[in-house]
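Open the model in your viewer and keep the selection tool ready.

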Amino acid sequence: MPGNYDSVMAVLPIRIFGDPVLRERGRPVTDFGPDLAALVDDMVETMYAASGAGLAAPQVGVLQRLFVYDVGEGPEVVCNPELSDFAGTWTYEEGCLSLPGVYVEIERPREVTCRFQDVDGNSREVRAEDLLGRVFQHETDHCDGVWFIDRADKEHRREALREFRQRFGDGTTQWLPDPSDGKRVRADVTL
Ligand SMILES: [Zn+2]
């Protein structure tokens with residue numbers, strides 16, 4: 001039934017680091033039609049099921065430059081993000097739905113401007129700081145195939161990789177969030 005996608009919203013499996021899709025740069029979003037709206041619905045559903053604050057398309061195996069997030073004011077969609085005007089620095093412990101349960105201290109700029117398109121293709125610009133600024137940077141990295149621990153210093157990177165191998169060294173490449181499991185991740189920092 002065209003135009004009615006609510007009935008088919010689905011929780012998607014989330015790819016875990018080690019899956020090559022997380023290391024590739026996404027393609028720009030060019031089609032702002034019903035398929036995009038349906039993908040966004042599924043990504044929002046998946047983000048909530050996983051208790052994350054953000055989720056990028058490559059994390060569900062879709063190589064496009066878009067992400068969804070919710071920092072407490074409802075779900076938002078960002079297509080084709082371009083970041084600029086970085087200011088300040090902020091060290092913050094970050095988690096990632098593609099590395100569930102591992103948290104890494106990372107220093108990033110505190111403020112950033114994000115130019116993007118919304119789900120209908122309209123141009124938008126948001127100046128963000130603190131958590132929202134962090135979300136924009138972490139998710140834009142996903143769109144570009146950059147792993148968040150690439151941004152950590154040597155010591156924290158080594159520690160995160162050790163934890164990663166302990167948890168997922170068996171070659172697991174995806175997990176299916178299940179809201180009835182309870183929270184598996186720290187919702188405030190997992191992007
Ligand atoms: Zn992430």
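Select the largest nonpolar core, a set of 40 residues in which Met 43, Leu 55, Leu 66, Phe 67, Val 68 and Val 78 touch the most other members. Such a core consists of buried Ala, Val, Leu, Ile, Met, Phe, Trp, Tyr and Cys residues joined through C-beta atoms within 7 Å. Buried means that 20 or more other C-beta atoms lie within 10 Å of the residue's own; exposed means 12 or fewer, partly exposed is in between, and C-beta atoms are placed from the backbone.

Next, colour by element: α1 (34-49), β2 (54-56), β3 (66-69), β4 (76-87), β6 (103-108), β7 (111-117) and α2 (130-143) each give this core at least two residues. The largest share, five residues, is from α1. Helices (H or I, at least four residues) and strands (E, at least two) are DSSP runs, numbered from the N terminus.

The model is predicted: local features need pLDDT of at least 70, side-chain atom pairs count only at pLDDT 80 or more, and totals for chains, interfaces and linings use all residues. Residues are numbered from 1 along each chain as its sequence is written.

Now centre on Met 43. Leaving aside residues up to four places away in sequence, Met 43 touches Leu 55, Ala 57, Val 60 and Val 68; contact here is C-beta atoms, placed from the backbone, within 7 Å.

Move to the loop between α1 and β2 and pick Ser 51. Ser 51 is not a glycine, yet has a positive phi of about 60°. Ser 51 counts as partly exposed because it has 19 C-beta neighbours inside 10 Å.

Finally, select Asp 85 in strand β4. Asp 85, also not a glycine, has a positive phi of about 55°. With 11 C-beta neighbours inside 10 Å, Asp 85 counts as exposed.

Technical notes:
Contact = placed C-beta atoms within 7 Å.
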